[in-house]
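Subject: Structure handover

Hello,

Here is the structure for you to look over. My notes on what was found follow below it.

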Amino acid sequence: MRNKIVIASEKRFLSMIPVSSSPQTRDADVSGMSKSIISGRFMSSGAAAASDLSSMLSREIAEEHENQTLEVPDELDELKREIESDWRVVDGPGTDTGLTRMYKREAGHNGSKIMVEFHCQENLAAEMEEEVEGGEEAPPGFRYSVKVSRAGKCLVFDCVTESMGSFVTGVVVRDDDGEGHGGGTGGESRGRYQGPMLPEIAEDLQESFMAYLREECGITDNVDAFISMHADYREQVEYVNWLESVRNMVE
């Protein structure tokens with residue numbers, strides 16, 4: 001049916017070309033009109049595709065709101081209130097919307113500044129397929145960093161949360177940028193020594209690192225649980241923000 005409509009449209013356009021026109025002129029006119037028809041069809045198809053995508057995005061946004069995924073869970077809200085006496089929690093800012101930083105209100109014993117940093121997409125869901133009793137999936141683990149800054153240097157602990165608590169995956173000293181953002185143990189400075197593989201060092205030394213994080217840096221069970229729950233919640237929030245941003249672009 002669509003082909004018949006196009007042919008009929010071309011016949012109507014041909015009837016509009018003056019008979020006195022030269023063959024070359026008529027060919028040029030026919031070519032231009034055909035391009036207009038094709039262009040119009042593509043524009044119409046593009047608008048329909050954009051409208052369809054916008055509708056799908058709106059459906060996903062509505063489902064997220066119906067499922068109340070943007071509401072802060074009561075347990076998370078309670079945890080945040082408990083830890084805020086010792087920590088200042090900051091989401092973002094700017095383009096780092098998925099990033100959360102926690103600044104310890106009290107300095108370390110030697111005047112060091114302590115900060116925790118994690119991103120809502122740094123989860124280990126694809127790597128950790130643990131199950132808890134009853135066959136339910138365990139909460140996803142998250143990577144995070146603890147940064148201890150003092151005298152222009154930053155001691156960085158790369159850590160991972162899991163159902164049984166946290167463990168350290170790397171320890172390294174970096175230059176401090178003045179805000180305690182000394183980077184992680186990998187990535188930017190591959191030419192530098194990255195520290196040993198933590199499982200390969202003496203077991204009592206590993207335990208001392210964990211004790212330092214708990215006692216000096218304040219990484220308690222509540223902080224550990226907050227990191228996992230807050231990161232999971234922020235991922236839901238940023239997912240909806242992403243849906244809305246994409247929809248605004250295609251509308």
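Are Arg 234 and Glu 238 buried or exposed? Both are buried, where buried means under 20% relative accessible area, exposed over 50%, and partly exposed in between (1.4 Å probe, protein chains only).

Before the rest, some ground rules. This is a predicted model, in which local features need pLDDT of at least 70 and side-chain atom pairs count only at pLDDT 80 or more, while totals for chains, interfaces and linings use all residues. Residues are numbered from 1 along each chain as its sequence is written, and side-chain values use heavy atoms, with hydrogens and water left out.

**Overall layout**

The protein has 5 helices and 6 strands. These are DSSP runs, numbered from the N terminus: helices are H or I, at least four residues, and strands are E, at least two. Along the sequence the pattern is α-α-α-β-β-β-β-β-β-α-α. Of the 251 residues, 31% count as buried. The protein exposes about 16000 Å², and carbon and sulfur atoms supply 51% of that. Areas come from the Shrake-Rupley method with a 1.4 Å probe; for residues, only the protein chains shown count as cover. Take the contacts (heavy atoms within 4.5 Å) with a separation of 6 or more: residues 24 or more positions apart account for 52% of them.

**Salt bridges**

The structure holds 9 salt bridges. The criterion is a side-chain nitrogen of Lys or Arg within 4 Å of a carboxyl oxygen of Asp or Glu.

Start with Arg 234 and Glu 238. Their side chains meet at 2.6 Å, N to O. They sit 4 residues apart in helix H5, so about one helical turn separates them. Arg 234 also forms a salt bridge with Asp 91, with the closest N and O atoms 4.0 Å apart. Asp 91 lies in strand S1 and Arg 234 in helix H5, so this pair ties together parts that are 143 residues apart in sequence. Asp 91 is partly exposed, at 30% relative accessibility. Arg 234 is at 14%. Shared partners join Asp 91, Arg 234 and Glu 238 into one network.

Another salt bridge pairs Glu 117 with Lys 147, the closest N and O atoms being 3.0 Å apart. Glu 117 is in strand S3 and Lys 147 in strand S4, 30 residues apart. Glu 117 is buried at 14% relative accessible area. Lys 147 is buried at 3%.

**Nonpolar core**

In soluble globular proteins, nonpolar side chains tend to be buried together. A nonpolar core here is a set of buried Ala, Val, Leu, Ile, Met, Phe, Trp, Tyr and Cys residues joined through side-chain atoms within 4.5 Å. The largest one has 29 residues. Met 102, Val 116, Val 146, Leu 213 and Ile 219 touch the most other members. Elements giving two or more residues include helix H3, strand S4 and helix H4. H5 gives the largest share, 6 residues.

Look at Val 146. Beyond its neighbours within four places in sequence, its contacts include Val 116, Phe 157, Leu 213 and Ile 219.

**Thr 161**

Thr 161 lies in strand S5. It is buried, at 0% relative accessibility. Its side chain makes a polar contact with the side chain of Ser 228 at 2.9 Å. A polar contact is a pair of N or O atoms within 3.5 Å; within protein, one must be able to donate a hydrogen and the other to accept it, and residues adjacent in sequence count only if both atoms are side-chain atoms. Thr 161 is also in contact with residues including Tyr 144, Asp 224 and Ile 227.

Best wishes
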